[in-house]
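Open the model in your viewer and keep the selection panel handy.

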Amino acid sequence: MFFRQYFDTESCAFSYLLADKQSRKAVIVDSVKGQTELYLNQLKELSLNLKIVMDSHIHADHITASGLLKKETGCRLLQGEPSYSEGVTDTFNDGDLIQLDALGIRAIHTPGHTDDSYCFFIDCESRPILLTGDTLLIRGTGRTDFQNGSANEQYHSLFEKLKKLPEHTRIYPAHDYHGMTESTLREEFEWNPRLKVSTKEEYIEQMKKLNLPKPARIDQAVPANLKCGIE
Ligand SMILES: [Fe+2]
């Protein structure tokens with residue numbers, strides 16, 4: 001499997017390019033509009049054929065490149081249910097397998113940060129990979145105070161769904177603000193302060209107390225992302 005991570009310095013967002021090495025069919029997850037040229041150049045230079053673009057959820061802090069990439073390459077634009085955006089080709093649900101030849105990506109619905117949040121699990125060889133969106137960050141978890149977020153549901157997603165995956169799974173989030181790029185589930189369940197709770201109620205209380213400022217670009221980003229970034 002081909003795997004690459006990109007970082008957008010403006011929004012501290014990660015995006016991911018994955019491909020089946022043999023057929024060169026590729027998927028981009030959590031693209032950032034300002035990096036469209038970078039993705040297109042990479043696809044060309046690496047002789048990859050973009051077949052799918054998809055996001056882990058409707059982002060509030062940056063605009064997705066998914067609509068533009070679809071327009072430029074003719075690829076499919078997938079979104080998890082509940083799907084709210086215009087321009088989506090197909091939707092997927094919890095447990096669905098998104099297949100590109102030998103590359104299989106399992107969609108895991110992990111509501112909490114938003115109601116449309118998904119994680120993507122790739123069971124590759126001995127080193128499974130999980131793209132965690134904003135559900136599980138490195139030493140953090142995504143806030144739950146807007147876009148139909150729910151600390152109650154997020155607790156369930158983290159402890160009933162993600163914790164049941166192999167603990168050596170490498171995790172790759174949609175954001176990092178502290179210079180980290182990857183972790184493992186084992187490491188997060190040992191060191192992530194948000195996961196150091198003994199009950200669901202404790203988790204909900206902790207999220208309630210965060211008192212975070214409104215994301216700077218939410219009023220621009222969410223409406224744009226409801227059109228897959230095509231303004
Ligand atoms: Fe988010």
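Donors here are N, O and S atoms within 2.8 Å of the metal (3.2 Å for Na, K and Ca); water is not among the atoms, so sites may look incomplete. This is a predicted model: local features need pLDDT of at least 70, side-chain atom pairs count only at pLDDT 80 or more, and totals for chains, interfaces and linings use all residues. Residues are numbered from 1 along each chain as its sequence is written, and side-chain values use heavy atoms, leaving out hydrogens and water.

**Iron ion.** Select His57, His113 and Asp134. They donate through NE2, NE2 and OD, at 2.1 to 2.3 Å from the iron ion. Their spacing along the chain is H-x55-H-x20-D. His57 sits in the loop between strand S4 (49–54) and helix H2 (66–73), and His113 in the loop between strand S8 (103–109) and strand S9 (118–122). The two are 56 residues apart. Helices (H or I, at least four residues) and strands (E, at least two) are DSSP runs, numbered from the N terminus.

Now colour by accessibility. His57 is buried at 4% relative accessible area; His113 is buried at 6%. Buried means under 20%, exposed over 50%, partly exposed in between (1.4 Å probe, protein chains only).

**Cysteines.** How many disulfides does the structure hold? It holds 0, counting cysteine sulfur pairs within 2.5 Å. Select Cys228: the nearest cysteine sulfur, that of Cys75, is 10 Å away. Cys228 is buried, at 3%.

Finally, show H1 (residues 36–45) with H2. Thr36, Tyr39 and Leu40 of H1 contact Leu68, Leu69, Glu72 and Thr73 of H2, with heavy atoms within 4.5 Å.
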